[in-house]
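Welcome! Here is a short briefing to read alongside the sequence and the 3D view.

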Amino acid sequence: MMLLVALSVTLSVEAQPYILRPLKGKNLEGRLTPTERRGQWGYADDRGKTIIKAIFSDVKPFEDTLARVKYGSQWGVLRRNAESLFEPQFDTIAPFERGL
């Protein structure tokens, strides 16, 4: 059994801090698609509007409500509302099964 703990994650890109906070007031019912911008990855909605900023070195598609994201050389886990479950700290994360 794995215990999932919600964490805030502070990331920095080129010495400029980024804080991922849960998204409020946004329609997150549609599909979020990985998108690349200037060599960095984030997520956009079905209309192409950026929902989660492109600050990651790699991302995987959302599986249900969770996505694997890579920051630098480490992987972490995000929820659809950009809330971090695990800060980027793992060398690898396997695809999720049955919601985990």
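A search of the whole structure turns up 2 aromatic pairs (rings of Phe, Tyr and Trp, the last by its six-membered ring, pair if their centres lie within 6.5 Å; planes under 30 degrees apart count as stacked, over 60 as edge-to-face and the rest as tilted). The rings of Phe86 and Phe90 have centres 5.8 Å apart and planes at 80°, so this pair is edge-to-face. Please keep in mind that this is a predicted model, in which local features need pLDDT of at least 70 and side-chain atom pairs count only at pLDDT 80 or more, while totals for chains, interfaces and linings use all residues. Residues are numbered from 1 along each chain as its sequence is written, and side-chain values use heavy atoms, with hydrogens and water left out.

**Around the aromatic rings**
- Phe86 is buried, with a relative accessible area of 16%, whereas Phe90 is partly exposed at 30% (buried means under 20% relative accessible area, exposed over 50%, and partly exposed in between, with a 1.4 Å probe and protein chains only).
- Arg80 sits over the face of Phe62, 6.0 Å from the ring centre (this calls for NZ of Lys or CZ of Arg within 6 Å of the ring centre and within 35 degrees of the ring normal).

**Overall make-up**
- The chain has 0 helices and 9 strands (DSSP runs numbered from the N terminus: H or I of at least four residues for helices, E of at least two for strands).
- Along the sequence, the pattern reads β-β-β-β-β-β-β-β-β.
- Of the chain's 100 residues, 32% count as buried.
- Among contacts with a separation of 6 or more, 36% join residues 24 or more positions apart (a contact means heavy atoms within 4.5 Å).
- The accessible surface of the chain is about 6700 Å², and 49% of that belongs to carbon and sulfur atoms (areas come from the Shrake-Rupley method with a 1.4 Å probe; for residues, only the protein chains shown count as cover).

**Nonpolar cores**
- In soluble globular proteins, nonpolar side chains tend to be buried together.
- The largest nonpolar core here has 13 residues, of which Tyr43, Ile52, Phe56, Phe62 and Val69 touch the most other members (a core is a set of buried Ala, Val, Leu, Ile, Met, Phe, Trp, Tyr and Cys residues joined through side-chain atoms within 4.5 Å).
- Strands β5 and β7 (66–71) each supply at least two residues of this core, and β5 gives the largest share, with 4 residues.
- A second, separate core of 7 residues includes Leu66, Trp75, Val77 and Phe86.

**Salt bridges**
- The whole structure holds 4 salt bridges (a side-chain nitrogen of Lys or Arg within 4 Å of a carboxyl oxygen of Asp or Glu).
- One of them joins Asp58 and Lys60, at 3.8 Å from N to O; Asp58 is partly exposed at 24% relative accessible area, and Lys60 is partly exposed at 28%.
- Another links Glu63 with Arg68 at 3.3 Å, N to O; here Glu63 is partly exposed at 25%, but Arg68 counts as buried at 11%.
- Glu83 and Arg79 also form a salt bridge, their closest N and O atoms being 3.6 Å apart, with Glu83 partly exposed at 21% and Arg79 partly exposed at 32%.

**A loop to look at**
- Gly48 is in the loop between β4 (40–44) and β5 (50–56), and at 52% relative accessibility Gly48 counts as exposed.
- Gly48 and Thr33 are 15 residues apart along the chain, and their C-alpha atoms are separated by 8.5 Å.
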